Amino acid sequence: MSGRIICVAQQKGGAGKTTLVSNLAIAYLLEGKRVALLDTDPQGSLGKWLDIREETLGENPNLRFATATAYGISRAIRDVCGDADIILIDTPPKADSDVRWVLRESDLVLVPISASQADVWATHDVLDLADRAEKPTHIVMNRTRAGTRVGEDVTKSVAELEAKPLKSSMANRVIYAEALGRGLGVMEAKRSGSASDEVRALAQEVSALLK
Ligand SMILES: Nc1ncnc2c1ncn2[C@@H]1O[C@H](COP(=O)(O)OP(=O)(O)OP(=O)(O)O)[C@@H](O)[C@H]1O
Ligand SMILES: [Mg+2]
């Protein structure tokens, strides 16, 4: 198994974990990479997204999927991920000791923060766990709204966190919610446009961190 493993974690619900995982998956798939998705969240949103996708587009051998418990993640990686180039792990909205099993397997941890202070407050536990696991960790700013007071305040608070934000971010755009509901990535829902551009840039920045 030579694939690189990215874990997306954030205690705060609705911060954009599944949105980030699904969009990075499609960005890498469109680059011709083999992608494996592992969902450790019992809510099952990522599997639902894939079910809808496969109803319309059929199965893609380059996009594998399995659910796993946090404890069972290492076996799931061995059993399911095979020759995948990129393995993306979605996690539930909590930062308990379970997530340590996932962090231990990961090459990179991404922590989405949706543009609100509550998301920043909720980030400390996961950053602490990632730090103890000695894993490179970055914040991904989500639902950004340029020119707003809250956007500026959150940016300032994020700058004080241990983990640095990526340069790329995802703006607050209806297309993210639409694409998720249709089993697509935004790069497929609308090939050219701002959302596609930002996800492409994000995927490239993440790839560079994995080199
Ligand atoms: N950049 C964005 N612009 C608009 N809507 C977004 C954006 N990111 C996420 N959303 C929407 O916000 C909601 C929560 O996103 P998502 O399910 O990805 O969060 P999550 O962190 O996985 O949630 P949970 O903690 O429940 O697993 C979804 O309806 C999603 O479509
Ligand atoms: Mg989710």
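How many residues surround ligand 1, and which are the closest? The shell has 20 residues, and the closest are Lys17, Thr18, Thr19, Pro93 and Ala177; a residue counts as near if its C-beta atom, placed from the backbone, lies within 6 Å of the molecule. Two or more shell residues come from each of α1 (17-30), β6 (137-144) and α8 (174-181). Helices (H or I, at least four residues) and strands (E, at least two) are DSSP runs, numbered from the N terminus.

This is a predicted model, in which local features need pLDDT of at least 70 and side-chain atom pairs count only at pLDDT 80 or more, while totals for chains, interfaces and linings use all residues. Residues are numbered from 1 along each chain as its sequence is written, and ligands are numbered from 1 in the order in which they are written.

Helix α1 also packs against α10 (residues 194-210), at an angle of about 80° with the axes 9 Å apart. Axes are lines fitted to C-alpha atoms over the stretch in contact, and angles run from 0 to 180 degrees between N-to-C directions. The two helices are therefore roughly perpendicular, a term for angles of 65 to 115 degrees. Asn23, Leu24, Ala27 and Tyr28 of α1 meet Val199, Arg200, Ala203 and Val206 of α10, where contact means C-beta atoms, placed from the backbone, within 7 Å.

The table gives residue classes (Ala, Val, Leu, Ile, Met, Phe, Trp, Tyr, Cys and Pro nonpolar; Asp, Glu, Lys and Arg charged; the others, Gly among them, polar).

| Group | Nonpolar | Polar | Charged |
|---|---|---|---|
| Contact of α1 with α10 | six residues | one residue | one residue |

Terms used. Angles under 35 degrees count as roughly parallel, over 145 as roughly antiparallel, 65 to 115 as roughly perpendicular and the rest as oblique. Two residues are in contact if their C-beta atoms, placed from the backbone, lie within 7 Å.
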